[in-house]
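Open the model in your viewer and get ready to select side chains one by one. We will go looking for salt bridges.

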Amino acid sequence: MSKVEKILDKMRNNPRGWQIDILKDLARRFDIEWRQPETNHVTFRHPSGAKLTVPAHKPIKPIYIKKFIRLIDEGEGE
């Protein structure tokens, strides 16, 4: 199991306490574009066109972590 897979498993088991930098790193690994145009929000865009905007507050609320995981999982089936 790779480091990325371990992080995703930890996120799935406990979606609390994550920071935006981890999501940005994971997005890079899965070719998900992200942008943060001088705001407190980061917008992630999957190559399929799916989009997710996450507030960059610490820690990120669990609902956003769950949605981010779904965004990543969407690409695994391709």
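Start by selecting Asp-9, which is partly exposed with a relative accessible area of 29%. Keep in mind as you look around that this is a predicted model.

Where do Asp-9 and Arg-12 sit relative to each other in helix H1? Show residues 3-13, which make up helix H1: the two are three residues apart there, so about one helical turn separates them. Arg-12 is partly exposed too, at 38% relative accessibility.

The side chains of Arg-12 and Asp-73 form a salt bridge with an N to O distance of 2.6 Å. Colour helix H3, residues 62-76, to see where Asp-73 belongs; because Arg-12 lies in helix H1, this pair ties together parts that are 61 residues apart in sequence. Asp-73 counts as partly exposed, with 30% relative accessibility.

Next, move to helix H2, residues 20-29, and select Asp-25 and Arg-28, which are three residues apart and so separated by about one helical turn. Their side chains meet in a salt bridge at 2.6 Å, N to O. Asp-25 is partly exposed at 41% relative accessible area, and Arg-28 is partly exposed at 47%.

With that, your tour has visited the three salt bridges found in a search of the whole structure.

Notes
Residues are numbered from 1 along each chain as its sequence is written. This is a predicted model: local features need pLDDT of at least 70, side-chain atom pairs count only at pLDDT 80 or more; totals for chains, interfaces and linings use all residues. Side-chain values use heavy atoms; hydrogens and water are left out. A salt bridge is a side-chain nitrogen of Lys or Arg within 4 Å of a carboxyl oxygen of Asp or Glu. Helices (H or I, at least four residues) and strands (E, at least two) are DSSP runs, numbered from the N terminus. Buried means under 20% relative accessible area, exposed over 50%, partly exposed in between (1.4 Å probe, protein chains only).
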